[in-house]
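Here is a walk through one protein chain. Keep the sequence and the model side by side as you read.

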Amino acid sequence: MPLPIILGLSLAFTVTVVDPLVLSLNLPQVDRALHVPPQLVGLLGGAATLVMAASVLAAGSLGDTFGLKRLLMLGLTVVTVVNLLSVFSPGYGFLLAMRFLDGLGMTALLGVPLALLKVSVPAEQRPTAIGVLMAVEMVLCGVIPAFTGWAVAAVGWRFLFLIAPLLSLVSLWLTARYVPKSPVQQGRRLDVAGVSLIGLVLVTLVVGLGAAQNGVARPQTWVPLVISAVAAVLYVLHARRTAQPALDLALFRSSPFSVALAAAVTLNFLGVGLSLVLGQFGSVVLSLSPEKIGLLYLPGTLLVAGAVILAGRLVGKYTPRPVMVTGLLTMAASGLLLAGTASPTMALWLLVLATWLCNLGALVTSTSVSETVLSQAPPGHSGTVASVQMAFAMTGSALGPTVYLLLFNFFFQRQWLADAAARDLSVGEAQQAVDAVSSGMAQSPGGGVYDPNLLRQASGLRLGLDFTEALQRTMLIVSILPLVVAGLALALMPRRENPGRRARSGPRRRR
């Protein structure tokens, strides 16, 4: 197996996760140093992600038209230069502009590495290669944030913008030296109208779902969602009249392809949702510091990495179906574990186990999803198809916090109202006790935003217990989703390897 190729592509893919993550984790330090206006803090943290959501499919189409390797190297160069310029940011305006440009560069690093994996690695080795790629990402995403937090405390926030250039330069060297050029579709024109419509669908969907955390009926929520729906309808009409649309809707007629995309939404939905749970429950009820919450992801990192490599081999030996089902069931087990064991006196090892199960299930599922999606890509369309997977993944990431918060707020309100009634408190008195909690959750999901003393000063209410019971019900509900998708995988995905695939990839080597 060509390890230099896999390592180079995995580093490029990891940049898209690590770059926004380390900034989000250290955003308070940047905020204090550059005096960012409160209304721009969220935009600064999410600017790169919004750009990626808007242009991810465009990057895939450009890669198929002009060359995947060329586009990846260009993206790595942009990310390197922009982040090095960010080190010298004189103010928040300059840094915000750099974050938008950084997102543009990282767009080429989302689906293109997976597409290059398809054209660079023999089909019989591809599932294992995908597993190795995911394992490298897992290890780096477990180690780098903890190291970055220490470095920022030691030398300052500007160090944040040296991480992506370091990874990008290594990836750039390996890509230039070892990754072969991909075939380019001659005579194919970029579907500018289609790419623009899909970009509009994705970015307005992400914005609308993010705003829904603060209320579904607000114009900031429903206006972007309506625009997203209209743009989606317009794209369907456009694709039917276009000979070479940016995204061929015929792909969705394939049951394995559609199930794999549903699994991509699910694993990102649950993964991001869990981070919100850990941030809120860990800080409010268990009184864990942000550093301790971050360390929950470290135990078992190498075990997860090894399991993901094994999952890739199993996908290659059998089919993606059993691996996908196993990964989804593991994620469901994580949610059900929290639903059954969460309490104000919960043992920390149970929280670590739930986190480990979610990470394991997510990466195992992702390995089978990537292989399924790539195997469905027609010749010359690997970039576009891989970018579709990333678009669905980003949708799941945007959907996770919104749904978790909506469910939690509903159950939390039921719990504290019942608690107030049992203590002969009026609704108004109880509402005053929980207003800070509800507003804090809506404004800063996933962060430690509550005053822990609030739980002990809330007019005699047992808010810690109310909070926990609402969390239990939320986790029970969201755990149904991976079970449903696992059922769809069992029903709709092939049980045995497609003979045509074996014929196309050639005979397997004897071991």
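Which handedness does the crossing of α1 and α3 have? The crossing of α1 and α3 is left-handed. The model behind that answer is a predicted one. The axes of α1 and α3, the latter spanning residues 38-66, come within 8 Å. They cross at roughly 160°. An angle over 145° counts as roughly antiparallel, so α1 is roughly antiparallel to α3. From α1, the contact uses Thr16, Pro20, Leu23 and Ser24. From α3, Leu44, Gly45, Thr49 and Met52 take part. By class, these residues divide into 4 nonpolar and 4 polar, with no charged residue.

Stay with α1, and turn to another partner. Helix α1 covers residues 3-25, and helix α8 covers residues 163-178. Their axes come within 8 Å and cross at roughly 155°. The two helices are therefore roughly antiparallel to each other. This crossing, too, is left-handed. On the α1 side, the contact is made by Pro4, Ile5, Leu7, Gly8, Leu11, Ala12, Val15, Val18 and Asp19. On the α8 side, the residues are Ile163, Ala164, Leu167, Ser168, Val170, Ser171, Leu174, Thr175 and Tyr178. The class count for α1 with α8 is 13 nonpolar, 4 polar and 1 charged. An α-helix has 3.6 residues a turn, so residues three or four places apart point the same way.

Now step back to the whole chain. It holds 20 helices and 0 strands. Of its 511 residues, 55% are buried. The chain exposes about 21800 Å². Carbon and sulfur atoms supply 66% of that area. Sequence separation matters for the next figure. Take contacts between residues at least 6 apart in sequence: 84% of them join residues at least 24 apart.

Next, look at helix α6, residues 112-120. Why is α6 described as largely enclosed by the rest of the structure? The reason is that 8 of its 9 residues are buried. They are Val112, Pro113, Leu114, Ala115, Leu116, Leu117, Lys118 and Ser120.

Pick out Leu117, which lies in α6. Its relative accessible area is 0%, so Leu117 is buried. Beyond its sequence neighbors up to four places away, Leu117 touches Ile6, Leu9, Ala129, Ile130 and Leu133. Leu117 and Val179 are 62 residues apart in sequence. In space, their C-alpha atoms are 8.9 Å apart.

Move on to Arg126 in helix α7, which runs over residues 126-155. Is Arg126 buried or exposed? Arg126 is buried, because its relative accessible area of 5% falls under the 20% cut-off. Leaving out residues up to four places away in sequence, Arg126 touches Lys118, Val121, Glu371, Leu374 and Ser375. Lys118 is one of the buried residues of α6.

Finish at a loop. His35 lies between α2, residues 27-34, and α3. Its phi is near 55°. That is a positive value in a residue other than glycine. His35 has 63% relative accessibility, so it counts as exposed.

How values were computed:
Residues are numbered from 1 along each chain as its sequence is written. This is a predicted model: local features need pLDDT of at least 70, side-chain atom pairs count only at pLDDT 80 or more; totals for chains, interfaces and linings use all residues. Side-chain values use heavy atoms; hydrogens and water are left out. Axes are lines fitted to C-alpha atoms, for helices over the stretch in contact, and angles run from 0 to 180 degrees between N-to-C directions. Helices (H or I, at least four residues) and strands (E, at least two) are DSSP runs, numbered from the N terminus. Angles under 35 degrees count as roughly parallel, over 145 as roughly antiparallel, 65 to 115 as roughly perpendicular and the rest as oblique. A crossing is left-handed if the near helix is turned anticlockwise from the far one by less than a right angle, and right-handed if clockwise. Contact means heavy atoms within 4.5 Å. Ala, Val, Leu, Ile, Met, Phe, Trp, Tyr, Cys and Pro count as nonpolar, Asp, Glu, Lys and Arg as charged, and the others, Gly among them, as polar. Buried means under 20% relative accessible area, exposed over 50%, partly exposed in between (1.4 Å probe, protein chains only). Accessible areas come from the Shrake-Rupley method with a 1.4 Å probe; for residues, only the protein chains shown count as cover.
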